[in-house]
Amino acid sequence: MLITNIVLFAFSYLIGSIPFALIIGKLFYNTDIRAHGSGNVGTSNTFRILGKKAGIIVLICDLFKGAIPVWIALLLGSDIPVLFFGLVAAIGHVYSIFLKFKGGKAVATGGGAILAYAPLVFIILLATFLIVLYTSKYVSLASVSASIVFLIVSLITRDVPLIIVAVVLAVVISVKHISNMKRIKLGTEPKVSFLTKKREVK
């Protein structure tokens with residue numbers, strides 16, 4: 001099982017490292033998403049730059065990056081908490097080996113891991129994200145809010161692996177969004193107009 005776990009951790013990191021936003025942008029839109037918008041290789045920048053269709057595809061792919069390692073670990077009966085494999089995938093998304101250890105912000109990939117491990121918790125976090133997004137129009141604020149709610153919910157469940165992953169994701173997501181929070185304070189953070197606009201590549 002030791003070898004199996006090592007291989008699974010490596011697989012989790014590698015699948016998490018796959019920059020679907022960059023791949024889809026270059027293959028189907030002849031666009032390097034890193035050169036547009038926020039420069040982030042994540043779901044929100046994909047929506048903003050490439051449009052709804054590409055954004056939805058990247059969202060699904062990034063969710064599955066987090067969910068697949070958890071599902072495989074469950075099928076293999078790993079003796080390590082299966083959610084940890086999803087966490088490694090989320091870390092791979094943030095520090096991708098294919099992008100010189102740069103990447104996204106762990107929101108969708110982390111969400112996929114939670115979906116596979118605790119669907120009810122995922123629904124709570126999704127509801128939080130959508131409510132904050134609808135009321136504030138800031139994806140960044142919705143992401144940070146969901147990560148904080150995740151931490152609170154995990155403490156209520158007293159599920160140790162869930163708590164550990166919630167702490168790590170809350171820290172990573174909050175740190176990755178510090179610049180966004182500063183822009184919100186200054187009033188310069190873009191709102192979710194990309195949800196209604198078409199592709200804006202210039």
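The secondary structure of this protein comes to ten helices and zero strands, where helices (H or I, at least four residues) and strands (E, at least two) are DSSP runs numbered from the N terminus. Read along the sequence, the pattern is α-α-α-α-α-α-α-α-α-α. The radius of gyration, taken over C-alpha atoms, is 16 Å, close to the 17 Å that the globule rule gives for 202 residues, so the protein is as compact as a globular protein of that length. That rule is 2.2 Å times the number of residues to the power 0.38. Along its principal axes, the C-alpha trace spans about 50 × 35 × 25 Å.

A word on what you are looking at: this is a predicted model, in which local features need pLDDT of at least 70 and side-chain atom pairs count only at pLDDT 80 or more, while totals for chains, interfaces and linings use all residues. Residues are numbered from 1 along each chain as its sequence is written, and side-chain values use heavy atoms, with hydrogens and water left out.

Let us start with how the chain is packed. Buried residues make up 47% of the 202 residues; buried means under 20% relative accessible area, exposed over 50%, and partly exposed in between (1.4 Å probe, protein chains only). Contact here means heavy atoms within 4.5 Å, and residues 24 or more positions apart account for 65% of the contacts with a separation of 6 or more.

Now step inside. A nonpolar core is a set of buried Ala, Val, Leu, Ile, Met, Phe, Trp, Tyr and Cys residues joined through side-chain atoms within 4.5 Å. The largest one has 27 residues, and those with the most contacts inside it are Ala 106, Ile 114, Val 121, Phe 150, Val 165 and Leu 169. Helices H4 (52–76), H5 (83–94), H6 (107–117), H7 (119–136), H8 (139–157) and H9 (160–176) each give two or more residues to this core. H9 provides the largest share, six residues. Apart from this core lies another, of ten residues, among them Ile 24, Val 41, Leu 50 and Leu 99.

Helix H6 deserves a look of its own. How many of its eleven residues are buried? Eight are, so to speak, tucked away, and H6 is mostly covered. The buried residues of H6 are Ala 108, Thr 109, Gly 110, Gly 111, Gly 112, Ala 113, Ile 114 and Ala 116. Their cover includes helix H3 (43–50), H4, H5, H7, H8 and H9.Next, find Asn 45 in helix H3. Asn 45 counts as buried because its relative accessibility is 0%. Its side chain makes polar contacts, meaning pairs of N or O atoms within 3.5 Å; within protein, one atom must be able to donate a hydrogen and the other to accept it, and residues adjacent in sequence count only if both atoms are side-chain atoms. The side chain of Asn 45 reaches the backbone oxygen of Asn 40 at 3.1 Å, and a polar atom of that side chain lies 3.2 Å from the backbone oxygen of His 36. Asn 40 itself is found in the loop between helix H2 (20–29) and H3, and is buried, with a relative accessible area of 10%. Not counting residues up to four places away in sequence, Asn 40 touches Ile 33, Asn 45, Gly 103, Gly 104 and Lys 105.

Tyr 13 sits in helix H1 (residues 2–17). The side chain of Tyr 13 reaches the backbone oxygen of Tyr 95 at 2.7 Å. Leaving aside neighbours within four places in sequence, Tyr 13 is in contact with Val 88, Gly 92, Tyr 95, Ser 96, Ile 97 and Phe 101.

Lys 100, in the loop between H5 and H6, has a phi near 55 degrees, a positive value in a residue other than glycine. Lys 100 counts as exposed, at 75% relative accessibility. Lys 137, in the loop between H7 and H8, has a phi near 70 degrees, also a positive value in a residue other than glycine. Lys 137 counts as partly exposed, at 34% relative accessibility.
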